Amino acid sequence: MLTINIEDSSIKITSVRGKRITFAAEAPLQAGWVQNGVVFERAHVSQVISMVLAQYNIREKEAVASVSGIHSIYRVVYVPKLDPALLAEAAKKEMARAIPVPLASLYTSWTDVKTSDIEVALCLVGLPFDNVNSVSETLKLCGLQLKY
């Protein structure tokens, strides 16, 4: 399994087998290809990834990618303990209330954490479409299959 981290100035790639890292490399990227976590030059970045993989004779095609948390929005809100069927609706309402950008521009997710017998914490997260989609499309261009 490959892990790939695309940053504004470089890419970092590791190959993991079981609990062992079998390969690790970093390659620079030209200024402007990636800005604030959004890959603007997908073809160029995918070529760099392909060149690194070819240079080290890495044939693995399954990959996971990181998307910087710097550009994500996260909130923790507390709600009364609810029936599980109602919790999803509460999370949706709290997300609309607590996240300061339109939810239509984000991939969203949440999880609940029991904090007491009467209350749960809802951990809400939103990742901008542009950041996630640009990374996903870049990896597909170089023939990698994202593992979710």
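Modeller: Before we start, two strands pair if DSSP finds at least two bridges between them. Strands (E, at least two residues) and helices (H or I, at least four) are DSSP runs, numbered from the N terminus. This is a predicted model, where local features need pLDDT of at least 70, side-chain atom pairs count only at pLDDT 80 or more, and totals for chains, interfaces and linings use all residues. Residues are numbered from 1 along each chain as its sequence is written, and side-chain values use heavy atoms, with hydrogens and water left out.

Colleague: Ok! Which residue in strand 9 is the bridge partner of Arg75?

Modeller: That's Leu124. Strand 7 (residues 73-80) pairs with strand 9 (residues 119-128) over eight bridges, in the antiparallel sense.

Colleague: And how many bridges link strand 8 and strand 9?

Modeller: Nine, again antiparallel, with strand 8 covering residues 106-114. Asp112 has Leu122 as its bridge partner there, and a hairpin of four residues joins the two strands.

Colleague: So what order do the strands take in the sheet?

Modeller: 7-9-8, in an open, antiparallel sheet of three strands. Strands 7 and 8 stand at the edges with a single partner strand each, so one side of each has no neighbour in the sheet.

Colleague: Switching topic, which strands does helix 2 touch?

Modeller: Helix 2 (residues 84-98) packs on the sheet and touches strand 7, strand 8 and strand 9, where contact means heavy atoms within 4.5 Å. Its direction makes about 55° with that of strand 9. Axes are lines fitted to C-alpha atoms, for helices over the stretch in contact, and angles run from 0 to 180 degrees between N-to-C directions.

Colleague: What about helix 3, where does that lie?

Modeller: Helix 3 (residues 129-141) lies across strand 8 and strand 9, at about 60° to strand 9.
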